[in-house]
Amino acid sequence: MNYDSQPASSPATLAEARRSACPGLVRVVAARDGGLCRIRLPGGVLSAAQARAIAHAARTDADGTLELTNRANVQIRGVRAGQEAALTAALIAGGLGPANGVQTPANLCAADELRNLMLSPLAGLDPHALFDTTTLAAPLVAMLQNEPRFAALSPKFALLIDGGESLAALDHPHDIWLAATREGDATRFAFGLAGCPDDGATGSIAATQVQALIRALLHAFLDLAAPDQLRMRDVIASHGAAALLDAAQRHADFAIPTPQPAADDHAPANWQRPRVDLTRRLGAHALHANGDGYVGAQPPLARLDAATLDALADLAERHGDATLRITPWQGALVPHVARAALMPVLDALRALGLSVDAADPLARTIACTGSAGCAKSRADTKADALRLAPHLPPHVQAHLSGCERSCAAAHRAPFTLLAAAPAHYDLYERDASAAGFGRLVARHLTLEAAAHAIAQRAPEPF
Ligand code: SF4
């Protein structure tokens, strides 16, 4: 397709298109259980003081229910009608607003939404990582917020940078992703568009070119996107990656690599690192030779209350460096814990009711908000997940979704239960040859029948 023949979208039309019902710090959207406020945390970093501010605001202006998201953000649910502005003001006063030169409600909203930058939860912490990506975060967010044209990006548009840490989300379908790779003695970044790193890199660049590359790709996206094309995958589908990179080249002062066959000498070498052990998102783990490390935990079905968030802040202050890292697996890490304190922190997290072991059925079950909070849901997925989890075979992961939007999982789970009616689900099994949730196994199953069908298909544990 010749992209030059397509009408370029003006920032105004794209800005209009992006005003979806996407919640934010300023845009508190209505849900069945009250207002929904999403607090974006670039890199998933949350200070203990910020956590306490969120907990206080959730108690004062909402019903105290909090949620961790698969983009490593925090949501406040149940915001009381009429309290939205007070909630936003309290969160900004707590240091959770966008930082850069924000003066009006309109640019406050846009700046808030231009913070979708995901890093590994161990960014800047893992001594074996190839690159400390936390050094990139502030300049990138500043660029997103300060370049006027980028206000036309969708609030869903997201960037992922993988620094080669031992714990990282590799399968998130971000609009632009970069992955650190070792080429000779140099660390470079492979990059790709609208997919996960397994889908193939387009090339590699020097670490010093990361920001300029992202800037060029964002301009190219806006050059080509029609008003209804909010994500990179939409533009790639209509124009192709080569056209996008061609457009990006016009915004860069260095040569942007173009797609190369894997066997080509100019393809980024060895960028596909082995799968990481995602069980390390939970439990106590040493990172340094002296045994110091971090402890990871996950609240049941991503929900926690304000008191639990206060308790997490307390643990981070007493045993860590007064920060938390929210993970894309809807959990949290307490970093910088001394070796002697790892087990006490682990016990404290368990006592709070959080999963600290990947074998825990609730650590293997995810569910979207469901009918208690979302009008689109055909079933109470959270309540059903609590009933299903104890009956899952060991090691099996399941995802319950109230509708096709799959808010709880950007990735494809091994087994997905898609609500058909209250307490009844269609069962899908992950299958590389099938799109969406995978291969449809059976329709309209009760929870008991779904558990039985999953058990019949579950792989034997190692
Ligand atoms: S997946 Fe569907 S039902 Fe579940 S929270 Fe999202 S929109 Fe609502």
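Guide: Let us begin with helix α7 (residues 232–239) and α8, whose axes come within 7 Å and cross at roughly 110 degrees. Axes are lines fitted to C-alpha atoms, for helices over the stretch in contact, and angles run from 0 to 180 degrees between N-to-C directions. Helices are DSSP runs (H or I, at least four residues), numbered from the N terminus. This is a predicted model, in which local features need pLDDT of at least 70 and side-chain atom pairs count only at pLDDT 80 or more, while totals for chains, interfaces and linings use all residues. Residues are numbered from 1 along each chain as its sequence is written, and side-chain values use heavy atoms, with hydrogens and water left out.

Visitor: Why are α7 and α8 called roughly perpendicular?

Guide: Angles of 65 to 115 degrees count as roughly perpendicular, under 35 as roughly parallel, over 145 as roughly antiparallel and the rest as oblique. The axes of α7 and α8 cross at roughly 110 degrees, and the two helices are therefore roughly perpendicular to each other.

Visitor: Which residues of α7 and α8 meet?

Guide: Met-232, Val-235, Ile-236 and His-239 in α7 meet Ala-241, Ala-243 and Leu-244 in α8; contact means heavy atoms within 4.5 Å. By class, this contact has six nonpolar, one polar and no charged residues. Ala, Val, Leu, Ile, Met, Phe, Trp, Tyr, Cys and Pro count as nonpolar, Asp, Glu, Lys and Arg as charged, and the others, Gly among them, as polar.

Visitor: What is the angle between helix α5 and helix α6?

Guide: Helix α5 (residues 134–146) and helix α6 (residues 210–224) pack at an angle of about 30 degrees, with their axes 10 Å apart. That makes α5 roughly parallel to α6. Among the residues in this contact are Leu-136 and Pro-139 of α5 and Val-210 and Gln-211 of α6. The contact of α5 with α6 comprises eight nonpolar, one polar and one charged residues.

Visitor: What makes the pair Asp-310 and Arg-52 a salt bridge?

Guide: A salt bridge is a side-chain nitrogen of Lys or Arg within 4 Å of a carboxyl oxygen of Asp or Glu. The side chains of Asp-310 and Arg-52 meet at 4.0 Å, N to O, and form a salt bridge. Asp-310 lies in helix α9 (residues 306–319) and Arg-52 in helix α2 (residues 48–61), so the pair ties together parts that are 258 residues apart in sequence. The structure holds 22 salt bridges.
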